[in-house]
Structure formats: structure tokens, C-alpha cells
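Welcome, and please take a look at the model shown here. The briefing that follows groups its notes by topic.

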Amino acid sequence: MFFSGGSVQLTGRAALGTLVLLAALGAVGVAVAAWSTDRSTQPPESPKAVTADPSGYSELPKAVTPKGILEHERRFQAIAEAHGNTRAAGTPGYRESREYVAERLRRAGYGVRVQSFKFPFFRVLAPLEMARVSPDPHAYELREDFAPMQYSGSGEVTAELEPVDVSPSPGGEPGPSTSGCEEPDFTGFDEGDVAFLQRGTCTFEEKAKNAEAAGASAALIFNRGEENKTDTIRGTLGKPGVTIPVLGTSFAVGEDLVRMTQGGDVTVRVFASTVSETREASNVIADTEEGREDQTVVVGGHLDSVPEGPGINDNGSGSATVLEIAEKMSELGIEPRNRVRFAFWGAEELGLFGSK
Ligand SMILES: [Zn+2]
């Protein structure tokens, strides 16, 4: 759970925060600011204000129960299980989660808006592989030695490794490497080779795009070698667009391969199976009919899961709690002094796209 601006995001142990949130809603706009620092378990700041509130808020904390929240959680779990065990943005599991939330809100009497937007989708479909075929065959280890760049393309490639303006002693030269950043770097590049690049100066995306434009079948980008720049690079190409496999490697792997390419031809094999494309996701938004529009309190949580799982803790619990509050507010006929907007954001896990 965190607060930013005037909005409230529920996440993780959301049920605990619910009581606090309910108190905040009852005590009018100022309470939102008053709770801005942490997930506090303190009682409402001004119980009198709550009990004296004629709108019926005092009933709400008792009405929102773990049982009610769990009903939605179980549904999210079932939706995930029916759709490859995920509810990630851009997948059928997300669309069904959205339908479920929208339907429950409509049934509770809210006017529901589904707000669609595009976002850059990326998913790794199978473990990536990287190996040296010759000389001295060697299979590199995922994570330890190499990792996919986010928004890497797909392919299975066995080809010669071609250094692109990498310094003879990587990391040893003064100043960061400009490997793959400048056009002349690729002069004479053999089409179909695997571009062998070093981190530095320009973005991974620029290096990868330049390599692809020069006809590379894949690209390896190794780390720089200074302090804190020796591990396997876990980078991003920023957005979909590059179609060749692009992997980051550790400095040790890069250094080793530079030495080997100086002694003769080096052939590598790279395998990547990913989906990298623009997809559509959506937010579900429902406002209370009553309440001051100019004092709208936004109560939100992200509805999408991570690609790897059903996302019941993160952030099914938050979404389920927001949904349960909305249902109970309607059931109790609460007429809030300030408008309340319930928001279920999409594509949070890939970069807060929905809430933006
Ligand atoms: Zn999350």
C-alpha cells in the first residue's frame, strides 16, 4: 500500500490497511494526507468524527470482512488457473479479471468505465540459452553468465561472434566504451554474425538496433568491468522493436570471449523465445454518484499479476479489498461527502502504465 498525490494504492496485506482507509474516507479529505507516511495500524484519528458522520461510514469497517475479500481472491485464483496460471496484463487472464470486476461493480449499481490503453508487452516463453560451440565447447549459465534483455527478439542462431569496437583490454581503456554506438563500428560487419558489444556511452536499444541494421543475427552485450559493473547485465531495450535475440552478459564472460576472438574464430549459439509487442490493456474505474467532485478520493489497486503467476498477494489482495469496499459502500447505501473513485489499474507490473 502506498500513497502518492491524492490517490491510495492497496497492495499486499491490504486487509489490514482497510480499516485505516475506511477511517480516512470517513474523516474527509484531510485524512488522506494525514496517513501519507506509512501503513499504520493506529485507530482512526478522530473516532467522534466517524460516529457523528450521518452518512453511515461507521458501519463500513464491520461490513468489509476477510470473508468478503476472500471471495474475490478465490475468483482471481480460479481465473488464473483457467488461463495458464496468470492474470498478467495483455493476457486472457487479465481480460477475465477485468470482466469480473466490472460486472461486480455494475451489479453493485456503479457506472463503470473501462479505459483502454496500449503498453509494451514482453514475455520470455522458454529459458534462454547461450553456448560457445567452438573452440572448446561450453554452455553458459543463465543468470550467472547471461540474461535476456527486456524486449529482446526471438531466434535460434549458431554463428561467428564478431567484436564491434570492443577494446582489446575491456574496462582497461580510459573512458567508457562506445562499442556499437557509432556507424563506423559496423563497417565491414559480416551479415549473419553475432554482434559482440560492450556496455557504455549509448543505450542498449541503440546498440541492438545498430547491430540489427548491420545484419547481425543476434547481439551479446557484456558489462564494463569497473566496480559495480561486472555482473550479468539485466537491461532493457526500452520497448518492442528489435527482432533479433539480445542478451546481456557478465564482464567475465565478455573478457574471456574478447581474448578468444583475438586468437581466432569463435562460434556461439544463442536461443531466445520471447513475445515482444505492443498490446492493449485497460483500467476499470467506478465513481460513487454522490459526493463532491472537486474532492474526489481515489482508491486504487493494480489488477494485473506478474507474468509468472496468479498474483493473489500482489495484487489480488488489493484489488479484492477495493472491490469489497465498493460493494459494501453501495450495499449500506453510504452517501459520501466526497466522491470516491474506485480504480483497478492495468499493466502495473510492466511499468505503472495504467495508473499513469
Ligand atoms: Zn505489484
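Helices (H or I, at least four residues) and strands (E, at least two) are DSSP runs, numbered from the N terminus. This is a predicted model, in which local features need pLDDT of at least 70 and side-chain atom pairs count only at pLDDT 80 or more, while totals for chains, interfaces and linings use all residues. Residues are numbered from 1 along each chain as its sequence is written.

**The chain as a whole**

- The secondary structure comes to nine helices and twelve strands.
- Of the 356 residues, 47% count as buried (20 or more other C-beta atoms within 10 Å of a residue's own, with C-beta atoms placed from the backbone; 12 or fewer make it exposed, and anything in between partly exposed).
- Among contacts (C-beta atoms, placed from the backbone, within 7 Å) with a separation of 6 or more, 75% are between residues 24 or more positions apart.

**Helix H5**

- Helix H5 (residues 66-82) has 17 residues and reaches 24 Å from its first C-alpha to its last, close to the 24 Å expected at 1.5 Å a residue (the expected span is 1.5 Å times one less than the number of residues).
- Its buried residues are Ile69, His72, Glu73, Phe76, Ile79 and Ala80.
- Seen down the axis of H5, these fall within an arc of 115 degrees, so they line one face of the helix (the arc is that of the directions from the helix axis to the C-beta atoms).
- Lys67, Glu81 and Ala82 are exposed on the other side of H5.
- Gly84 follows H5 and has a positive phi, near 70 degrees.

**Helix H6**

- Buried residues of H6 are Gly93, Tyr94, Ser97, Arg98, Val101, Arg104 and Leu105.
- Viewed down the axis of H6, they fall within an arc of 140 degrees, so they line one face of the helix.
- Turned away from that buried side, the face of H6 carries the exposed residues Glu103, Arg106 and Arg107.
- The cover over the buried residues of H6 includes H5, strand S3 (111-134), strand S10 (267-287), helix H9 (312-331) and strand S12 (338-345).
- After H6 comes Gly109, with a positive phi near 95 degrees.

**Helix H7**

- In helix H7 (residues 204-213), the buried residues are Phe204, Lys207, Ala208, Asn210 and Ala211.
- Down the axis of H7, they fall within an arc of 165 degrees, so they line one face of the helix.
- They pack against strand S7 (194-198), strand S8 (218-222) and strand S9 (246-249).
- Just after H7, Gly215 takes a positive phi of about 95 degrees.

Terms used. Contact = placed C-beta atoms within 7 Å.
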